[in-house]
Amino acid sequence: MAERRRPMQAQDKLAFLLALVPYLMDRDRVSVAEAAAHFSVEPEQLREAVRLIAVSGIPGETNAYQPGDLFDIAWDDFEDNDRIVLTHQVAIDDSPRFSAREAAALIAGLQYLTSLPENGDRDVIGSLMAKLARGASGAPSEVAVARSETDEALAVIRDAVVAGTRLDFDYRNSRGERERRRVDPLRVESIDQDWYLRGWDHARTALRTFRLDRIEGLTATDVPIAYRPGDVTLPETLFEGTPDDQLVTIEVSASAVPLIEDYIPDGAERREHDGVVRTSVRVAHFHGLKRLVGGLSGVLTVLDPPEARRVVAEWAAGGAERYR
């Protein structure tokens, strides 16, 4: 004999109705049997709830219910085919919605997440993108985020970090010089749009940081790493200075100082005047200033030494020439 379900109390009925409305909104068409099984209620109990929803709503300005103030369903489909289709919604439709542009931006961000190795083929992200598209005030523009070589390298490197195996690759520094490296991968981190590998460089016998888009010829080996995260201290800051670093005097907008905090040596003097801070940054070589200045164009100025100013000026002039 089938188990008889306990009758719902008043608070249970309210919770059931509150859950039923968004459930039906998320589905264009659903059978009574499917919905009843979802909520673990009898089919007739679900039919009664649907009939109640169809006479529910919010009164208009006259405090009287008009046809447009009530929920409505496709009655023929409901009575003849035992299927539920909401044809009109009230109150919920009046809530703020994302614009088509906002929804497109969010969908693009979600597509980027699905391109990352740990989020690939996630049904939940796909479902969320579909809901954003349906819930927007207009149809979002179609967007696509393509996978890049960096994404593929990121997957290989993360697998090596988890497995504790060494990586071999060619690394191109900011001056275009390439060198084969043997590295024990310890951590992968990102800053803005760039990904970095931190690991023990066997050629330098020291910790080093590598930008993933400068890694070429990446090879995953089955050689166990010699240095593990517990064997070496990984600094909290991504960029650590060395005795060979060169100091450069700069002026930068006070609001942009947090963006270059990792480059400012401990104890460096900071003088602020009219919203501009004069301080020093450390770089491995003056060519490393190009990316720093390019990312803060208009808010950072190189003051000293003259050689650093010359390198940045020549780089900027070369860029301007290409766009003439």
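**View 1. The whole chain, end to end.** Residues 24 or more positions apart make up 57% of the chain's contacts with a separation of 6 or more, a contact being heavy atoms within 4.5 Å. What you see is a predicted model, where local features need pLDDT of at least 70, side-chain atom pairs count only at pLDDT 80 or more, and totals for chains, interfaces and linings use all residues. Numbering starts from 1 along each chain as its sequence is written, and side-chain values use heavy atoms, with hydrogens and water left out. The chain has 9 helices and 13 strands (DSSP runs numbered from the N terminus: H or I of at least four residues for helices, E of at least two for strands). Of its 324 residues, 32% are buried, meaning under 20% relative accessible area with a 1.4 Å probe, protein chains only.

**View 2. Helix α3 and its buried residues.** This helix covers residues 43–53, and L46, R47, A49, V50 and I53 are buried in it. Why do we say they line one face of the helix? Looking down the axis of α3, its buried residues fall within an arc of 160 degrees, so one face it is; the arc uses the directions from the helix axis to the C-beta atoms.

**View 3. Aromatic rings.** Rings of Phe, Tyr and Trp (its six-membered ring) pair if their centres lie within 6.5 Å; planes under 30 degrees apart are stacked, over 60 edge-to-face, and the rest tilted. That rule gives 6 aromatic pairs. For F169 and Y171, the ring centres are 6.5 Å apart and the planes sit at 70 degrees, so this pair is edge-to-face. F169 is buried at 0% relative accessible area, and Y171 is buried too, at 8%. Together with F210, F169 and Y171 form one aromatic cluster.

Technical notes
Buried < 20%, exposed > 50% of the residue type's maximum accessible area, 1.4 Å probe, protein only.
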